[in-house]
Every structure is written in structure tokens, then in C-alpha cells.
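Dear colleague,

I am passing on the structure that we discussed, and my notes on what I found in it follow below. Please read them with the model open beside you.

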Amino acid sequence: MTVQVIIEAVGRAELAAERVREVAAAHPDVREHLRVADAAGLIVGPAVALGHDPDENASFRAAVFDPVSNRGVELRGTLDRPEGAQVLPSAYRPNPRPEELRAAAAILRAEERFPAGDDVLIYQPMPPLADLDNPDGTTTRRPTLGIYHPSGETRHRIVAVDIAAGDVDWSPAGVSVAMHPGDCESHLPVGVESLRDQGGPDQVRLRVVDGGTELWSMVVVRPRASSPANPGDGSGVELRQVRYRGRLVLRQAHVPILNVQYEEDGVTYRDWQNQETRFSATGTDPVGWGWRICSEPPRTILERGDNDAGNFQGVAFHHTGGELRIVSELAAGWYRYASEWRLSDEGTIRPRFGFAGVRNPRTCMRHRHHVYWRFDFDVEGSANDVIEQFDDTGSTVPQPVTIVREVARRRRPPALFWQVTDKTSGRGWRIHPGEHDNTADPYGVADLWFLRHHPAELYDGNPGSDNRAMLNRFVNGESVSATNVVVWYAGHFRHDQNEPDLHQGHVVGPDLVPLL
């Protein structure tokens, strides 16, 4: 019998962004701190409910940012009475939205210094912002733009645009100008003027059914709405309430941390994962734009290999060969990422993350990407999970060692794999490292973290000036025996354009194999 992939739109257990905007616009403390004149210009995120199983009375937090004053606040309150929320100053500075980039591009094109020619392209570079510090202690928000002029003496240039003042800084401070003399990658970037979000639901209920048997059931959240909404700027394709054959496996699975370090000059970036970009997907959209069930394999920039374009933006599903593929393509400056989950009919979960880029000199330089998955295991419930490590001891059957306290680990001998199981039933999932996942260098910090669950530990907070993962701050000796546990798993990819056939490949990720 043919396996069916069924999706239906579902609401969020959170306040919608527009409701947050209404609350913020009417709240006197918000208006006092931001001194905002136009509430329509506020950048807001959904009110994220806190707690393991939030209800309508749960506490929430929500980010509100005014791009004109370049200030942000955090609302903290209860979902049933958001208008009574506490307002706290926040250092949150969201990345430029598509409408900001289009406005900045219009100002840039009107500049006398802007190069002439139909082949001149304006794209989003890294870093996304080059804010200006003013003498009075305020800052001016300035999105950055890249200019690609293929026939010019300088093919690439990064500028900063003060949208409110209509000014362009052609040599912004704090933006690295060190560039490889040539271009790398064959893909031309999509210009910022063409960036559009065509709407569609934020999340869907996914069911994979074989005859009368439901194999998989979960909520899938698209990257633009993925958590943490503040300040991590998304986490790619996010899975929630994952059940296999009716049994709970994961409460949440996503990638809250993604960073990169360049070897030659030490420049680092913390990349965002809520900016969906186009890829190729053929099929039907049963719940509206942004969700596509494919009749043939979808192709991201990794498979397509021709350009930075496509006919679809959102999350695509394709089932073949006993496995469902869930995939989206993300953009962060000149980087392109494939955020993917592969779910086998037999119960194996294969998280995958792919790395690519568009034409620019920066990616010619040797650099290392580090991706950090967060697996919130709730094997048959949240309060009785145990973690075991299996070492290579020379025995035919590896013997487990129970991990009883929070700890960070490296993937190196004698460790072979790990497993998370329900203490009573013995059911669970084994974590087998991927062939190309590598071991952390000093910047990557570690490969796995075994932690007790805390709602506030969705991301690592302010990572500091070098953007490295700060997950060790969560390791404080708490028990992880017969309790609610979270596993962070890191994959590391070294990109050396000069040795394209010698590095380990462009996709990393472990296999989570069922013990049923």
C-alpha cells in the first residue's frame, strides 16, 4: 500500500505577531522606551510561551524592536492577559527584513557613485548590520548591502545605509574588507529587490500513514517562524511533538546555533536561520503557499548547481524509498543552507544540514561552519529518560556507561555512540555520529552536551564578540538520570575551496536509530 503524507494547517499556542504589535502600540512603557511614532513600523515576534506544556495562562516573552530609534524591548506576561505585560529594555537587534533591504537598495541606487549597468546586482552580505555609534550614546541602524559589479574594477563592495537619513557609507567601520581576489561559487545571488514572503501558514500538522497505521505524527514549523524568535533569529525547520507509531519521541528538535569562523583572518559570524530562500520543488500545496508535497525530489542549491533561484520558498516534503524528506533552503548573507530532516518508515530520524554559498570573494577563504542541533527528548513522556554512552572496549557487545550528571563530550575514541531511553520501558533512540560530522576544534567547543531540561535554555544567550557557542554555561552538575533531558549535538564542516575534492562533504548530521 502507498504511504500517504498528510499535512494540515494548525494554529500556534502563542500570541500572533500582530497581536503583540497591538499590545506594544498601546502599552505606555513601550512607547516611553522606544519613543515610537508609528507602530506599523515595529518589528515584532510572536509571544513565545514558556514552560514544558504551556496553556492559555502560561507566561510568555516577546521581542519588540523599533528600527528608527534602534531600540528594543522584551514583553513578559501571561497569554491570557498580555496587555498587563512587564516591559524590559532589550539588546535585541533583529536582522534587516526584506522591506528594509528594498528601501536601502532604492537609496543606494540613487547615489551618484552607484555603478551604471544592467548587470549590477545588490545582494545581502555579511555582517547584516553596520550600526553607527553616536557621541550621545545612541546608535543608528544601518543595514549592509553588497554590490556585485562583474565588469567593474572592484567586483564586490559592501556599504551601509542609514534608511532614515537616506545616507550611504561607502566604507563602513567594522565591516571586513579582506577579500580573496577572485570569485568563488558558481551561483549568482538573488538581488534584495526580489526578496518576498508570499505568506502561508507558519506551521502544519504532519502525518505519515501506511495503510491504517500512522507511522509519524508531529508539528512542523517553517524557518521564518522557528524558535527561538529572539535573539537567535530562528532555528531552521523545527519539529515539535514528534511521535512514532503513537509514542512520543521528541518534544522539540531544531538548530538554534549556527556559526562560522574564517581561518585566515579570524572573522566570525553567528548566522540566522529564519530567512527562507527559493529552491526547486514540484508538487501540490494543500494548505497554501510555503508547504509543498512533492511528486519528485526537491532540489536545493546543493543539488541544483546552476543558480540561486527556484520556484518555491518554504518547506517541501517528498517520500520515496521508505523515507520522508522534509527540507527548506535558508539564506544568511552570502551563505546558503539546507535545513533537512529524513524520517524512515522504520523509525530512524536523520537530521541533516547542508552548506553552500553564492558568488562572492569571502567564501574563497578557508572557513569552518559549526551547526548545533538541540534534541529535547521526551521518550514516552518527559520525566524518566536516561542517557548512556557506549565505548569501544574490545568486546563484541559494547557495554553502556550511564551518564548521571550534565556534561559536554567530544566524539573521539573510545566513545562509539550514545542512547536516550525511557528508564521503565527501555525504549528509546541511539545517536550514531555521521560520517562527516568531525570533532570540534577549540572554536567549536565540543560535540555533544547532555543537559537537564530548562525552558529558558533554548539558545545560548549573548554569544560574545567571537560568536562561539556558549553551551558550557548550562553545564552545572545537575542530574540527568531518570528526568527530562536535552541533548545538543554539533557537526563541523571545513570549507576549503582550494581542495574541493579533499574536504569531507557539504552535508553533516547524525542518525537517531530506534530501540523499540
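To begin with a loop, A482 sits between β30 (448-452) and β31 (485-495), where strands (E, at least two residues) and helices (H or I, at least four) are DSSP runs numbered from the N terminus. Phi of A482 is near 55 degrees, a positive value in a residue other than glycine, and A482 is partly exposed with a relative accessible area of 26%; buried means under 20% relative accessible area, exposed over 50%, and partly exposed in between, with a 1.4 Å probe and protein chains only. E380, in the loop between β24 (367-377) and β25 (385-391), also has a positive phi, near 55 degrees, and it counts as partly exposed at 29% relative accessibility.

Before going further, please note that this is a predicted model, in which local features need pLDDT of at least 70 and side-chain atom pairs count only at pLDDT 80 or more, whereas totals for chains, interfaces and linings use all residues. Residues are numbered from 1 along each chain as its sequence is written, and side-chain values use heavy atoms, with hydrogens and water left out.

Two peptide bonds deserve a look. The bond from M126 to P127 is cis, with omega near -10 degrees, and P127 is found in the loop between β7 (121-123) and β8 (132-133). Another cis bond joins P413 and P414, with omega about 10 degrees, and P414 is placed in the loop between β27 and β28 (415-422).

The structure holds 28 salt bridges. In one of them R240 meets E238 at 2.8 Å, N to O, and both R240 and E238 are buried. Another pairs R350 with D511, the closest N and O atoms being 3.7 Å apart; this pair links distant parts of the chain, with R350 in strand β23 (349-357) and D511 in strand β33 (511-515), 161 residues apart. R368 and D441 form a salt bridge as well, with their closest N and O atoms 3.6 Å apart. R368 lies in β24 and D441 in the loop between β29 (428-432) and β30, so the pair ties together parts that are 73 residues apart in sequence. Salt bridges that share partners join E263, R366, R368, D441, R494 and D496 into one network.

Methods: A salt bridge is a side-chain nitrogen of Lys or Arg within 4 Å of a carboxyl oxygen of Asp or Glu.
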